[in-house]
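Keep the structure in view as you read.

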Amino acid sequence: MRAIIKPLLATIVSGTLIAATAPGAIANDDWQTSKWGDDDTIGAANYLSADRILEATRLVTEGKAYSLGVELNRDFPAYGTRFFDITVMEPRAGGQAIGPTKLTSTDDILHTWLGIGSQIDGFGHIGIDHKHYNGLAAEDIVAVDGLKKLGTEGIPPIVTRGVLLDMTKHFGQDMLTEGQGFNREEIRAAAEAQGVKIQEGDVVLFHTGWLSLVGEDNERFGKAQPGLGVDGANYLADQGVVAVGADNWGLEVIPFEEGTGVFEVHQTLLAKNGVYILENMNTAELAKDNVHEFMFVLGQPKVKGAVQMMVNPIAIK
């Protein structure tokens with residue numbers, strides 16, 4: 001669990017060399033100014049509205065709820081050195097019953113990273129040369145006791161239309177393979193074939209089948225992944241989506257696309273466009289039921305100053 005992707009280090013080093021020599025769009029400073037103003041900290045969540053919530057409710061025709069979160073335990077493969085540990089105890093002395101009704105109780109303690117399992121990445125997670133969304137400098141917002149700005153506690157409730165694009169169906173595979181990327185051409189084709197149109201304010205999720213490796217081949221799961229490419233990330237941001245997620249640990253294709261930087265999809269969505277990232281989304285049941293649009297509901301724990309947060313979004317059809 002704690003050493004998922006040691007082999008990824010070689011990929012990152014290689015990607016770093018590519019990033020150092022490849023012409024990068026990140027040289028343009030325009031991304032450092034939010035179109036919602038100098039004080040904006042929520043990015044694409046500005047697209048959310050009461051009207052969009054009401055529109056999303058009209059997608060509920062069966063009353064079936066899908067949990068998009070994975071079960072998190074000590075053995076779930078985690079990125080890098082991240083880990084999860086839970087301790088349960090009976091805090092009463094000796095664990096003995098007390099009072100006339102013989103009360104007993106248990107409590108629990110979590111010792112964990114917050115960017116583990118099903119999670120949302122906030123804008124404080126990824127920067128470009130120490131600059132984050134809306135041009136906020138790391139030196140001004142990052143502190144060891146929590147972010148001074150861009151903490152995930154500030155993300156408003158995300159209730160909107162959700163779209164699932166089943167990329168296994170698009171490519172005719174049970175599971176996509178390592179390094180298999182998809183961009184705007186594949187996204188458009190999959191959306192058209194699956195009868196949906198990506199709209200402003202949507203949350204877009206991709207089903208790749210990669211999560212099925214968890215518990216079966218954790219080493220392979222964490223070493224690389226199929227996923228979204230930079231061109232695809234730019235396309236989705238241009239459509240005005242609020243968040244993008246997938247059933248893998250890092251959303252984007254790894255090994256990284258030739259000529260791109262290290263986690264450049266993350267930079268494109270989070271830092272440059274203020275679009276949230278959802279990782280390790282359990283999309284299998286939605287794909288099995290052939291559900292491609294639904295009401296999406298997410299309210300994360302409000303831990304002040306958090307960079308990322310464990311979540312369990314709900315899809316309702």
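**From a loop to the core**

Y79 sits in the loop between β1 (65–67) and β2 (84–89). Helices here are DSSP runs of H or I with at least four residues, strands are runs of E with at least two, and both are numbered from the N terminus. This is a predicted model, in which local features need pLDDT of at least 70 and side-chain atom pairs count only at pLDDT 80 or more, while totals for chains, interfaces and linings use all residues. Residues are numbered from 1 along each chain as its sequence is written, and side-chain values use heavy atoms, with hydrogens and water left out.

Buried means under 20% relative accessible area, exposed means over 50%, and partly exposed lies in between, with a 1.4 Å probe and protein chains only. The C-alpha atom of Y79 is 9.3 Å from that of G117, a residue 38 places away along the chain.

Now the whole chain. It has nine helices and 13 strands. Of its 317 residues, 49% count as buried. Contact means heavy atoms within 4.5 Å. Among the contacts with a separation of 6 or more, 79% join residues 24 or more positions apart.

H207 gives a local view of such a pairing. It belongs to strand β7 and is buried, with a relative accessible area of 9%. Leaving out residues up to four places away in sequence, H207 touches L164, L165, D166, M167, T168, D247, T283, A284 and A287.

With residues up to four places away not counted, it touches L164, L165, M167, F182, I187, L228, L236, V244, G245, A246, D247 and T283.

Which residues have the most contacts inside the largest nonpolar core? They are L165, F206, L228 and L236, in a core of 60 residues. Helix α7 gives the most to this core, with five residues. A nonpolar core is a set of buried Ala, Val, Leu, Ile, Met, Phe, Trp, Tyr and Cys residues joined through side-chain atoms within 4.5 Å. A second, separate core has twelve residues, including M175, L213, F221 and W249.

Look next at α7 itself, residues 230–238. Its buried residues are V230, G232, A233, Y235, L236 and A237. They pack against α5 (184–193), β7 (203–207), β8 (227–228), β9 (243–246) and α8 (264–272). After the helix comes G240, with a positive phi near 85 degrees.

Two packed helices are described by the angle between their axes and the distance between the axes. Axes here are lines fitted to C-alpha atoms, for helices over the stretch in contact, and angles run from 0 to 180 degrees between N-to-C directions. Take α8 as the partner of α7. The two pack at about 15 degrees, with axes 9 Å apart. They are therefore roughly parallel. Angles under 35 degrees count as roughly parallel, over 145 as roughly antiparallel, 65 to 115 as roughly perpendicular and the rest as oblique. V230, A233 and N234 of α7 meet E264, V265, T268 and L269 of α8. By class, this contact has four nonpolar, two polar and one charged residues. Ala, Val, Leu, Ile, Met, Phe, Trp, Tyr, Cys and Pro count as nonpolar, Asp, Glu, Lys and Arg as charged, and the others, Gly among them, as polar.

Then turn to α5. Its axis comes within 8 Å of that of α7, and the two cross at roughly 55 degrees. The pair is therefore oblique. R184, I187 and R188 of α5 make the contact with D231, G232, N234, Y235 and L236 of α7.

Last, some backbone details. Most residues other than glycine have a negative phi, and most peptide bonds are trans. N134 has a positive phi of about 65 degrees although it is not a glycine. It is found in the loop between β4 (119–121) and α3 (138–141), and is buried at 10% relative accessible area. L251 has a positive phi too, near 65 degrees. It lies in the loop between β9 and α8 and is buried at 0%. P255 is found in the loop between β9 and α8. The peptide bond from I254 to P255 is cis, with omega near 5 degrees.
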